[in-house]
Amino acid sequence: MGGYYSKSSKKSKGPEITDADRAVLSLKTQRKKLEDQEKLINARLERHAEVARQLAAEGRRDRALLALRKKKLSEKQLAGLHTLIINVEEMLSNIETTKKQTVVFGALQQSNDALKQLQAQVRLEDVQRLLDDTAEAKAYQEELSALLGQQLSDTEDAEVEAELAALEEVVVDEDKMAMPTAPKTKVPEVEAAAAARAAAEAAAKAAAAAAEEEEEAEPEPAVEGRKAEAML
């Protein structure tokens, strides 16, 4: 009876975990880490853009350029992450497709021997080793590209300058919209001052006219005196 229970316990075990299953689990774990890094970089991009906008509004052009350069570098890192995620997704798809094809092929052959021959020709260990080597090579290439590509190119510098100019135009437009407009109606004190100036100018003109009339009237008595002297 002891042997019977031991055999039953062996048969009750779940499906065996293969190297392909471990590879899929490893790839999914790596994909989760890459997605977390992608979220962090996206948050960093938003922070750099906001900082650049604030610095541009304050007129601190050099600091705004530095923030935009950091934003550009983060965009390059994000593009590299997208490439890695796509590669992981392709590997997962290839493994799943290969597993399905193997099952279908085994069912069509209906032979354990044929399935063993196929497994001998294409061993899962070799596939796993190839995937590991490929992943290491790609990781090394990405790291090397990141180290060599820290500096921005001339084209990227020009893009940063253009982006800063656009930010400055937006800030100027916002400042213009925020400035208060001058009232169109006249203030009572201004109107009173204008009326007083007009009255003073009119009085000055009247006084000047009166003075001119007096000057013209003065020579007449002298002329009459000269006429009287002539008659005598």
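K32 and D36 sit four residues apart in helix α2, about one turn of the helix. Helices here are DSSP runs of H or I, at least four residues, and strands are runs of E, at least two, numbered from the N terminus. The two residues form a salt bridge, with their closest N and O atoms 3.1 Å apart. By salt bridge I mean a side-chain nitrogen of Lys or Arg within 4 Å of a carboxyl oxygen of Asp or Glu.

Before going on, a word on the source. This is a predicted model, in which local features need pLDDT of at least 70 and side-chain atom pairs count only at pLDDT 80 or more, while totals for chains, interfaces and linings use all residues. Residues are numbered from 1 along each chain as its sequence is written, and side-chain values use heavy atoms, with hydrogens and water left out.

Now the overall picture. The protein has eight helices and zero strands. Of its 232 residues, 16% are buried; buried means under 20% relative accessible area, exposed over 50%, and partly exposed in between, with a 1.4 Å probe and protein chains only.

Back to helix α2, residues 19-58. Its 40 residues reach 58 Å from first C-alpha to last, close to the 58 Å expected at 1.5 Å a residue; the expected span is 1.5 Å times one less than the number of residues. Just after α2, G59 takes a positive phi of about 80°.

The whole structure has eleven. R61 and E168 meet in one at 3.4 Å, N to O. That pair links distant parts of the chain, R61 in α3 and E168 in α6 (residues 154-178), 107 residues apart. E75 and K71 meet at 2.8 Å. E75 is partly exposed at 29% relative accessibility, whereas K71 is buried at 13%. Both belong to a salt-bridge network linking K71, K72, E75, E159 and E163.
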